[in-house]
Amino acid sequence: HTYSVDELLFGHQTKNLFFSNLEKAAEKRGKDIWYIVMYLCPGDYHRYHSPAIFKAQERRHIVGYLEPVKPSYLYDHRNVLKQNERVSLLGQWEGGFFSM
């Protein structure tokens with residue numbers, strides 16, 4: 001599925017040019033912006049480990065639904081990942097903007 005960066009991080013499209021420019025710069029370099037969705041059921045381990053050393057500067061709690069994220073459900077419900085409840089951490093690492 002395809003989402004804009006701001007939809008994934010904030011739950012809606014923003015008018016923030018930073019995200020639009022981020023997507024355009026990646027496209028210009030022939031690169032994609034990738035993301036991963038980590039789902040932990042209530043009984044699972046709830047400590048996330050960052051793939052990079054970064055300084056979190058903002059935490060965003062996006063209120064939303066709690067729909068299943070199994071592939072068979074996602075196939076028929078295309079907007080689940082941008083409509084489900086989640087938390088985004090935004091900050092900086094040695095390469096610039098970083099979020100998880």
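Colleague: Is phenylalanine 98 buried or exposed?

Modeller: Phenylalanine 98 is buried, its relative accessible area being 12%; buried means under 20%, exposed over 50% and partly exposed in between, with a 1.4 Å probe and protein chains only. This is a predicted model, in which local features need pLDDT of at least 70 and side-chain atom pairs count only at pLDDT 80 or more, while totals for chains, interfaces and linings use all residues. Residues are numbered from 1 along each chain as its sequence is written, and side-chain values use heavy atoms, leaving out hydrogens and water.

Colleague: How many aromatic pairs are there?

Modeller: A pair of aromatic rings is described by the distance of the centres and the angle of the planes. Rings of Phe, Tyr and Trp (its six-membered ring) pair if their centres lie within 6.5 Å; planes under 30 degrees apart are stacked, over 60 edge-to-face, and the rest tilted. The count by this rule is two aromatic pairs. Phenylalanine 54 and phenylalanine 98 form a tilted pair, with 4.5 Å centre to centre and 45° between the planes. Ring pairs join Phe54, Trp93 and Phe98 into a cluster.

Colleague: In what order do the three strands form the sheet?

Modeller: Strands of a sheet pair through backbone hydrogen bonds, either parallel or antiparallel. Here the open sheet has the order 1-2-3 with antiparallel pairing; strands are DSSP runs (E, at least two residues), numbered from the N terminus, and two of them pair if DSSP finds at least two bridges between them. Strand 1 and strand 3 stand at the edges with a single partner strand each, so one side of each has no neighbour in the sheet. Four bridges join strand 2 to strand 3, and tryptophan 93 has glycine 96 in strand 3 as its bridge partner.
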